[in-house]
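Here are my notes on this one, as numbered points. Have the coordinates open while you read.

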Amino acid sequence: MNNYKKVEFNVNKNKRTYQDIEKNVTIEGNGKKFAIITYGCQMNEEDSEKLSGMLKRIGYEKTENRDEASIIIFNTCCVRENAENKVFGNLGQLKALKEKKPELIIAICGCMMQQKDMADKILSTFPYIDIVFGTHNSYKFPEYLNRVKQEGVQVKEIINKEEEIVEGIPVDRKSTVKAFVTIMYGCNNFCTYCIVPYVRGRERSREPENIENEIKELVSQGYKEVTLLGQNVNSYGVGLEPKITFADLLRRINEIDGLERVRFMTSHPKDLTEDVIMAIKECDKLCEQIHLPVQSGSSRILKEMNRSYTREQYLELVKKIKKEIPDVGISTDIIIGFPGETEEDFQDTLNLVKEVEYDSAFTFIYSRRKYTPADRMENQVPDEVKHDRFNRLVEAVNEIIGRKNSEYDGKVVEVLVEGTSKNDETKLMGRTRNARLVNFVGNKENIGKLVNVKITKAQSFSLFGEEV
Ligand code: 5AD
Ligand code: SF4
């Protein structure tokens, strides 16, 4: 096993582009393989697509098989404890592989590394890791790799302050039809349960021209759909000159020729403005879909969570959205078992779920996160109560989603064909404008195109049909 000398980088405060970084990278992959294991949200997925893009550009090839990889990267998430535990388990398993193959390079990055003292804890527990970096400097990964390969050092660089946004990073996207495009980074909201603002830093927006150019480039490569990403897309543009709002950005993107569909996430209910709702209503490419995390249906708990809206305000917003945008798909995130949540608060959540009739919902059991205010609250809910409520919530959500799906039986819907179905290569899959998953019998030549599909069977979480 390598005997490492530890090196920490000096942080370069000057603005750098990816082209500047690339100039310092002299190593070549020559077809050697890398594997990336990604935990967490779409943001992390997109970061991994960039890591992959950078490595491919210097001649490495991607593999899903860790045993044949020369580089293994763990892109971690710290939003909930179970994602963290998986990382620890996986890193432990790599010891044997590294002993068998000392030239193997193991790297770890992502928001877990941005937590106070975590990088040091990881390195002392797993000293055979070669590269540790955080969310603010992932574009420097090829440079770090270069140092490890050329100088035989171990590299650790965690930057706690947001750097300027680096443009021009190559992205190796999973799909050839739809793409994620990050429009802003960070979060200023400090919900009391959430670690994201501590590890992803303050909000900062990309220049609209850079976003437009990236999307135009994607369209020229044949992409038909983009999902604009940010922790809180509705505050896009704050601090940019000339002034621009999220609704302005949406209207500009709607003008891009050749693009068929635009989605975005995540919308904070306190910031989703009327002009964004009207943009969805009026712009043909903006899909009728909104991800609107409610987190809890109890105004008391929402206050404790620092969400800045009440149950009533949320329901009013949903009413307005449904009135202006017929057939809209509304999805949400819900946390069960926040400190102090009573059965009555839980019933408020259950009733809200039934009232809104979500089209999809991500349900989470509250996970204590170090350094967040909720972790210091004394009235933590016992695990068995959390699990019981969680099960009851999931049951209610599933019943609603199944019932709403069944309304599609016999209808004809427009689907953007993304590829073949996950479990059956002979079928195709895609989504409706309001984000329903459809598996169907159709012509493979239509992958990447919009087709009409007649729904013949509604299942609990997807629709089944035939191209017409
Ligand atoms: N425990 C459980 N769920 C959480 N989320 C964020 N922090 C926590 C936590 N500490 C959920 C929220 C958020 C989603 C991305 O993750 O619902 O919207
Ligand atoms: Fe976390 Fe709240 Fe920011 Fe979402 S809005 S990332 S839940 S702090």
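1. Contact here means heavy atoms within 4.5 Å. On that basis, and leaving out residues up to four places away in sequence, L228 touches V181, I183, I215, V233, F246, L250, I253, V262, R263, F264 and M265.

2. Some bookkeeping. This is a predicted model, where local features need pLDDT of at least 70 and side-chain atom pairs count only at pLDDT 80 or more, while totals for chains, interfaces and linings use all residues. Residues are numbered from 1 along each chain as its sequence is written, and side-chain values use heavy atoms, with hydrogens and water left out.

3. L228 is also among the residues with the most contacts inside the largest nonpolar core, alongside I215, F246 and I321; that core has 71 residues. A nonpolar core is a set of buried Ala, Val, Leu, Ile, Met, Phe, Trp, Tyr and Cys residues joined through side-chain atoms within 4.5 Å, with buried meaning under 20% relative accessible area (1.4 Å probe, protein chains only). Another core, of 29 residues, lies apart from it and includes L91, L97, A119 and I122.

4. Now look at T76, which sits in strand β4 (residues 71-76); strands are DSSP runs of E, at least two residues, numbered from the N terminus. T76 is buried, at a relative accessible area of 0%. A polar atom of its side chain lies 2.7 Å from the backbone oxygen of C109. C109 is also one of the residues T76 touches, and others include Y39, N44, V87 and M113.

5. On domains, the protein is divided into domain 1 (5-157) and domain 2 (412-467), with bounds from an automatic or database domain assignment. Their C-alpha centres lie 36 Å apart.

How values were computed: Chains are lettered from A and ligands numbered from 1 in the order in which they are written. Buried means under 20% relative accessible area, exposed over 50%, partly exposed in between (1.4 Å probe, protein chains only). Helices (H or I, at least four residues) and strands (E, at least two) are DSSP runs, numbered from the N terminus. A polar contact is a pair of N or O atoms within 3.5 Å; within protein, one must be able to donate a hydrogen and the other to accept it, and residues adjacent in sequence count only if both atoms are side-chain atoms.
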